[in-house]
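Here is a friendly walk through a model, one region at a time. Keep the viewer open as you read.

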Amino acid sequence: MQIHRYENQTQLSPFARGLSYGDGFFTTARIQDQQVLLLPLHLERLSMAAERLQFNDFDALKMAQYLMDLVLPEQAVLKVIVTREAAERGYAIPQNCRCQVLVSIESTSIEYCASHPLRLMVCQTPVSLQPMLAGIKHLNRLDNVLAKTEVQSLEFDDGLMLAPRLSTTLNSEPNNRHAHVVCSTQANVWLQMRGKVITPALKDAGVNGIIRQLLLAEHPNAEEVDVVRLSDFAKAEEVFLSNAVRGIMPIAQVGEQHYHQHTKTQQLSDWLKALAHD
Ligand SMILES: Cc1ncc(COP(=O)(O)O)c(C=O)c1O
């Protein structure tokens, strides 16, 4: 395994498998006060993806040591991309192909757990269903590219992404209220209902986010449910999104539905901020 620090002009071969086939995975972490927040979870995510995608020479210890030795800025975003080195043509994983790691650090002014609530739309672009890849933060992110472009063109902050079979069957119906919600274009989605905060299970699609994992493991009221329907948003008391760079994000609006209360979301943001700095 080779680790490279990206410094503006790293040359990438057109045969690099990450570029040709999206053959790889990544993690994006927040650097705050010169520390990578929740580093152990990011390292675990990389190891898990390496195992599921058969990156057999991924060296978790070397990766951990490299990241722990970095001299970090005050506030930034760390991105670690793991791909396979360029090899002979063809999809199959080449024998003895080594993995290559690209590490970049980019300064950011994005607030962690901002209190300003966001406006969400419902994207036309559905997620791709693929149980073999579900949960992994892999390099095939075209669904998100198209969905986020919809969001930008309509000037929303983010958009919910639905499961495709339902969104197409229901295209003929006046609304898609029964559609299954999977995630937003760049975050996991949570609904506060009846004393619980629930998030959809990610059996066929979606990224098992770092904050999602943390909430499900550590917070007694957080729960994964088989299905979250668009109609559930009308019953939710609060809605929020989570990702590793932005933390917990309160939601003011999903389509026509408005949320005026963010008490639980604020509590969870405070909980996360305290935990992330431990
Ligand atoms: C589609 C999608 N879901 C969920 C997440 C949240 O993952 P994490 O908490 O690891 O940032 C992301 C993050 O970029 C994402 O792009």
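## Helix α4

Helix α4 covers residues 142–153, twelve in total. At 1.5 Å a residue they should span 16 Å, and the end C-alpha atoms are 17 Å apart, which agrees. That expected span is 1.5 Å times one less than the number of residues in the helix. Helices here are DSSP runs of H or I with at least four residues, strands are runs of E with at least two, and both are numbered from the N terminus.

Which residues of α4 are buried? They are N144, A147 and V151. They cover an arc of only 70° around the axis, so they sit on the same side of α4; the arc is that of the directions from the helix axis to the C-beta atoms. The partners that the buried residues of α4 pack against are β6 (118–122) and β7 (158–162).

## About the model

This is a predicted model, in which local features need pLDDT of at least 70 and side-chain atom pairs count only at pLDDT 80 or more, while totals for chains, interfaces and linings use all residues. Residues are numbered from 1 along each chain as its sequence is written.

## Positive phi and a loop contact

Most residues other than glycine have a negative phi. E155, which follows α4, has a positive phi near 60°. D33 is not a glycine either, yet its phi is positive, about 50°. D33 is found in the loop between β2 and β3 (35–36), and it is exposed, with 9 other C-beta atoms within 10 Å. Q54, also not a glycine, has a positive phi of about 60°. Q54 belongs to the loop between α2 and α3 (60–69) and counts as exposed, with 10 C-beta neighbours inside 10 Å.

D57 is in the loop between α2 and α3, and its 12 C-beta neighbours inside 10 Å make it exposed. Leaving out residues up to four places away in sequence, D57 touches M1, R98 and C99; contact means C-beta atoms, placed from the backbone, within 7 Å. D57 and R98 are 41 residues apart along the chain, with 6.4 Å between their C-alpha atoms.

## Two domains

The protein chain is divided into domain 1 (2–107) and domain 2 (118–276), with bounds from an automatic or database domain assignment. Their C-alpha centres lie 26 Å apart. The contact takes 18 residues from domain 1 and eleven residues from domain 2.

On the domain 1 side, β2 (24–32) and α2 (39–52) each supply at least two residues. β2 gives the most, with seven residues. This side divides into nine nonpolar, six polar and three charged residues. Nonpolar covers Ala, Val, Leu, Ile, Met, Phe, Trp, Tyr, Cys and Pro; charged covers Asp, Glu, Lys and Arg; the others, Gly among them, are polar.

## Around the ligand

Of the 15 residues around the ligand, V207, G209, I210, N243 and A244 come nearest; a residue is near if its C-beta atom, placed from the backbone, lies within 6 Å. The elements giving two or more residues to this shell are α6 (210–218) and β12 (238–243). α6 gives the most, with three residues. The shell divides into six nonpolar, eight polar and one charged.

Note on methods. Two residues are in contact if their C-beta atoms, placed from the backbone, lie within 7 Å. A residue is buried if 20 or more other C-beta atoms lie within 10 Å of its own, exposed if 12 or fewer, and partly exposed in between; C-beta atoms are placed from the backbone.
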